[in-house]
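Take a first walk through a protein model. Keep the sequence beside you as you read.

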Amino acid sequence: MEIRQMATAFLSNGTDMLMMKKTGSKLFDFEFWGGIGGHLEQGELNSPMAASYREIEEESGFKQEEVENFRLRYILLEVKGSEVRQQFVYFGETKHRSFIPSDEGELFWVPLDELLDLHTSILIKASIRHFLQNQTTNEIWIGNVLNGEGAAARPRVEWSIMQDTISFEPVV
């Protein structure tokens, strides 16, 4: 199996979130919305935050020092064919609203109460919904897409909090 690692950032300013509208991609031939981000490059595999800052600057013009309270909130996992996708999702705040145009898609400041109306992937919509309901928590959440069972099954995301683990069971 191949592994695809990505970093995505959602930047807010006041009651708006910076969102990117794409008219298509290598994987999808329809219009959809998402955050700012992309694939981790070879030298970034151990630092998805560095990849996220790079993507933010490339796609919006915001420099690292113009982003506050930037932190990892979600690690998203899904399987697509023979590929395992791991996405690191960061949320932060901007000091201003000025961005540069992006070749990746069109950027818009979208009111927080309109975010869930946008056509986004299942994982992104679930992450935004979860974030809006849990903005004050400090945990890192892991989201896993489950397809469900039966004819009427709909994909859903199951959440768990990332915790320090115990490597071995205690010897009794």
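Predicted model: local features only at pLDDT ≥ 70, side-chain atom pairs only at ≥ 80, totals over all residues.

Residues are numbered from 1 along each chain as its sequence is written, and side-chain values use heavy atoms, leaving out hydrogens and water.

Nonpolar side chains tend to be buried together in soluble globular proteins. A nonpolar core is a set of buried Ala, Val, Leu, Ile, Met, Phe, Trp, Tyr and Cys residues joined through side-chain atoms within 4.5 Å. Buried means under 20% relative accessible area (1.4 Å probe, protein chains only). The largest core here has 19 residues. Phe10, Met17, Met19, Tyr74, Phe91 and Leu115 touch the most other members. Helix 2 (122-133) is among the elements that supply at least two residues. Helix 2 gives the largest share, 5 residues. Helices (H or I, at least four residues) and strands (E, at least two) are DSSP runs, numbered from the N terminus. Apart from this core lies another, of 16 residues, including Met20 and Phe70.

Now find helix 1, residues 48-60. Among the buried residues of helix 1 are Pro48, Tyr53 and Ile56. Just after helix 1, glycine 61 takes a positive phi of about 90°.

Note on methods. Buried < 20%, exposed > 50% of the residue type's maximum accessible area, 1.4 Å probe, protein only. Expected span 1.5 Å × (residues − 1).
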